[in-house]
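Student: I have a new structure to study, and I would like to learn how to read its features with some care. Could we go through it together?

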Amino acid sequence: MTTLEAIIVVLAGVFAGAINTVVGSGTLVTFPVLLAVGLPPVTANVSNSLGLVPGSLSGAWGYRRELEGQAGRVKRLLPASILGGIVGAVLLVLLPANAFSAIVPVLIVIALVLVVIQPWLNKKLAERERHEHGGVALWIGVFLAGIYGGYFGAAQGVLVMGLMGVLMNEHLQRMNALKNVLTAFVNLVAGVLFIFIADVSWLAVLLLAVGSTVGGQLGAKIGRKLPPAVLRGVIVVVGVAAIVQLLTR
């Protein structure tokens, strides 16, 4: 990897760390960049997962204020994310490259629909009692999103935000903070497994880690200032971009 390529990887990490903290889908930036600098697809994917872990943790720390009072939700949903991340990482190694990614655009479309109609659904469901932590449906949804995140990860945050928006009655920024914790641990457990079961480019991991850590803090500052309508719009734009890239790559 040349010096210029290394700089590009760091900058991609900064952008990915920021966008992951605000919405998700930073992988759609860093994964193509790692391919462009010559890494094989699976190596690029696993190195990307490991490299973005510090950025995810940085973003979660940046949103720590919005996490206050959500310890119960974290305790309930974190096991679902961890189990899902483990399953997804194992599937990446065992399944053919195109086996799981074929349904990714469909999953993102469903998530975007949930995000768009969330205000309407909230009004319709206002008279119905919803579980404080999203209930069993959210646990299962977070588990499935964790599988997807452990396998590839792009737009995992969009999926989680869409699910929480419909199944929980909570402010968007607080849901975003919870999403950052859940997706960070999916990347973490998948990354740890990848160390033992897949090839890793440690230089790429280091460069992405530096960039994404900075980006995570920037994303926390930017995302907290966005009103719910704007944040929802960003989610939709990034989700659509994810679909386009996945269908054309």
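Predicted model: local features only at pLDDT ≥ 70, side-chain atom pairs only at ≥ 80, totals over all residues.

Student: How do the residues of the lining of the second largest pocket divide into nonpolar, polar and charged?

Tutor: The lining holds 12 nonpolar residues, one polar residue and no charged residue. The pocket itself has a volume of about 250 Å³, and of its 13 lining residues, Leu-107, Gly-141, Leu-144, Ala-145 and Leu-159 lie nearest its centre.

Student: Which helix supplies the largest share of the lining of the second largest pocket?

Tutor: That share, five residues, comes from H7, while helix H6 (104-124), helix H7 (135-151) and helix H8 (156-167) each supply at least two residues of the lining.

Student: And how should I read a pair of packed helices?

Tutor: Two packed helices are described by the angle between their axes and the distance between the axes. Here, helix H1 (residues 3-22) packs with helix H2 (residues 27-36) at an angle of about 160 degrees, and their axes are 8 Å apart. Because angles over 145 degrees count as roughly antiparallel, H1 is roughly antiparallel to H2. The crossing of H1 and H2 is left-handed.

Student: Which residues in H1 meet residues in H2?

Tutor: From H1 they include Ile-8, Val-9, Phe-15 and Asn-20, and from H2 they include Thr-27, Val-29 and Leu-34. By class, this contact of H1 with H2 has eight nonpolar, four polar and no charged residues.

Note on methods: Residues numbered from 1 in each chain as written. Heavy atoms only, no water. 1 Å grid on protein atoms, 1.4 Å probe; cavity = no way out; pocket = protein on both sides within 12 Å on 5 of 7 lines; lining within 4 Å. Points joined across faces, edges and corners; volume = space filled by probe spheres on them. Helix = DSSP H or I, 4+ residues; strand = E, 2+ residues; numbered from the N terminus. Nonpolar A, V, L, I, M, F, W, Y, C, P; charged D, E, K, R; others polar. Axes fitted to C-alpha atoms, helices over the stretch in contact; angles between N-to-C directions. Parallel < 35°, antiparallel > 145°, perpendicular 65-115°, else oblique. Left-handed = near helix turned anticlockwise from the far one by under 90°. Contact = heavy atoms within 4.5 Å.
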